2 protein chains.
Amino acid sequence: MAAIHCIQALGFSSRTHVFFPIGEQTRYYIINKKQRGLLVFASADKNPVKEFYNKSKVDTLLNSVKWDDKGLAVGIAQNIDTGAVLMQGFVNRVALARTVSSKKATFYSRSRSALWTKGETSKNFIHVHDIYLDCDRDSIIYLGKPDGPTCHTGAETCYYTSVSALLENEQEEENKVALTTLYSLETTISQRKDELALPQTGKPSWTKRLLLDHDLLCSKIREEADELCRTLEENEDKARTASEMGDVLYHAMVLMAVKGVKIEEVLEVLRKRFSESGIEEKRSRGQVS
Amino acid sequence: MAAIHCIQALGFSSRTHVFFPIGEQTRYYIINKKQRGLLVFASADKNPVKEFYNKSKVDTLLNSVKWDDKGLAVGIAQNIDTGAVLMQGFVNRVALARTVSSKKATFYSRSRSALWTKGETSKNFIHVHDIYLDCDRDSIIYLGKPDGPTCHTGAETCYYTSVSALLENEQEEENKVALTTLYSLETTISQRKDELALPQTGKPSWTKRLLLDHDLLCSKIREEADELCRTLEENEDKARTASEMGDVLYHAMVLMAVKGVKIEEVLEVLRKRFSESGIEEKRSRGQVS
């Protein structure tokens, strides 16, 4: 039955299904008559589609990578929602093939001379949604979603040592992971929230006032959304739109901090909506009268 | 005069300033009496502070990197606003020292056995805001802002070859750069906008309806902002907040597409506000009555 669900979920119109168990997991082999040579592999575990590419195409891909003299290319794992660079390792032919088929970020450990799938010990796998090659095909991005912190130290990513903090002797800042603008803002707001629990810490700030006064916060969000709309309605310039959108984002992020919701959770919601045929379709199916 | 402005901008109370020109650019050397041994370098070009770290600290940093048997570490350039991985190269001791001092992403070219600063030919430099080392100190992120497209092909980043597109034979998708959720959504909205110019293309969609009907779009943005506020006012659960925030973001991004404003521009606005002592301070200085 699981196999039938897999097939239905895949949307294949295959007529011939050949099921037989292999190894630890039961795997279902599906022969698609219409596309001869295409062997569809599906398994009954959490991610139903494990391998579903034509072997010769995978070989062509593997041959197209410019492996170095040790048979390696650089592999970078990146969080598909936040864009955070989670870790970097090296990838050989088998590791890339394994990642394509298992959808779990897999590397080649130079120190242990062995293949390793990130998460095989910690269980914090990185579920790969797509893989990108760079222009000269010797560098690979695994764009995926981590199950939990990626670094063996427990940090969200392996990049938590800031050179500017080191050079400026800010020891207390040493464990600040590399954050892009949106997440840096989120962290600042979160720090203000933490400071509220320790009244002696930090200076008064607008963020703290908003965190404490929910009526003010909500009135600001409604006001900023209105101002954003007016940049369109009153044909204001682009810089004004960018600035008002900045205000909307900032105030909405303060509300999210109050509620304890991360921007990553919001992006995950958006990604899932779009991959399920889109927010657009959901909306057009009648939510708006 | 430029030097005086630099010094004032730096906020130093240095009493002794020694200025003399070196090389192509005029450089101002400032000897700070209070902190003996700290040599402050400033130049009169676009980015006023070029080098301002104690040499022994930089040496300690350079010694702490785990250079491989060729004296190299992996260097990844990442867009500080969008999180996009722009390119990956290799970095040696001199390249890292040069990046620390020049704030322009600099690599070591293995094929040319030479140092190279990204942008020295194209003028699309990557202005580095901070540098991060990974947990085992053999991988480096240059977190910075690119002047323009990073790839020599003219693409925004070097990672424009999607493996899933290759394997699924979607040739037309081959030049789609690796995009995280927010930018993937932005691209989808932008594609819908492009389709409007070609009425025969694509299906009807909610996004297209919003792109055409600005009254509807603005009423939805106001409505979604209100619904986001109500998740706080009416103590709704976190999932509801994440979902409503997703709605706010999506609809606001449709408005930005109408206006031709990129989310990257909004993030740049936010970053600059925060680096100029914060949106918080700006707001607390009386904007709110």
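The model is predicted. In it, 111 residues of chain B are in contact with 111 residues of chain A. The size of an interface is often given as the accessible area lost when the parts come together. Here the area buried between chain B and chain A is about 9300 Å², and carbon and sulfur atoms give 66% of that area.

Polar and charged interactions also cross the interface. Between chain B and chain A there are 36 residue pairs in polar contact, with both residues at pLDDT 80 or more. On the side of chain B that touches chain A, the residues divide into the classes tabulated below.

| Class of residue, side of chain B touching chain A | Count |
|---|---|
| Nonpolar | 56 residues |
| Polar | 25 residues |

Across the interface of chain B and chain A, 10 salt bridges are found. One of the salt bridges joins R222(A) to E233(B), with the closest N and O atoms 2.9 Å apart.

Strand β9 of chain A (residues 126–133) pairs with strand β11 of chain B (residues 161–162) in the antiparallel sense, over two bridges. The bridge partner of L133(A) in β11(B) is T161(B).

As to symmetry, chain B is superposed on chain A by a rotation of 180° with 0.0 Å of shift along the axis, at an RMSD of 0.0 Å. That is the relation of a two-fold axis. The C-alpha of chain B nearest the axis belongs to G83(B), 2.4 Å from the axis. Because 100% of the interface residues of chain B are also interface residues in chain A, the copies meet through the same surface.

Technical notes
Residues numbered from 1 in each chain as written. Chains lettered and ligands numbered in written order. Predicted model: local features only at pLDDT ≥ 70, side-chain atom pairs only at ≥ 80, totals over all residues. Heavy atoms only, no water. Contact = heavy atoms within 4.5 Å. Buried area = accessible area lost by both parts, 1.4 Å probe. Salt bridge = Lys/Arg side-chain N within 4 Å of Asp/Glu carboxyl O. Polar contact = N/O pair within 3.5 Å; in protein donor to acceptor, adjacent residues only side chain to side chain. Nonpolar A, V, L, I, M, F, W, Y, C, P; charged D, E, K, R; others polar. Pairing = 2+ DSSP bridges. Helix = DSSP H or I, 4+ residues; strand = E, 2+ residues; numbered from the N terminus. Least-squares fit on C-alpha atoms with pLDDT ≥ 70 in both.
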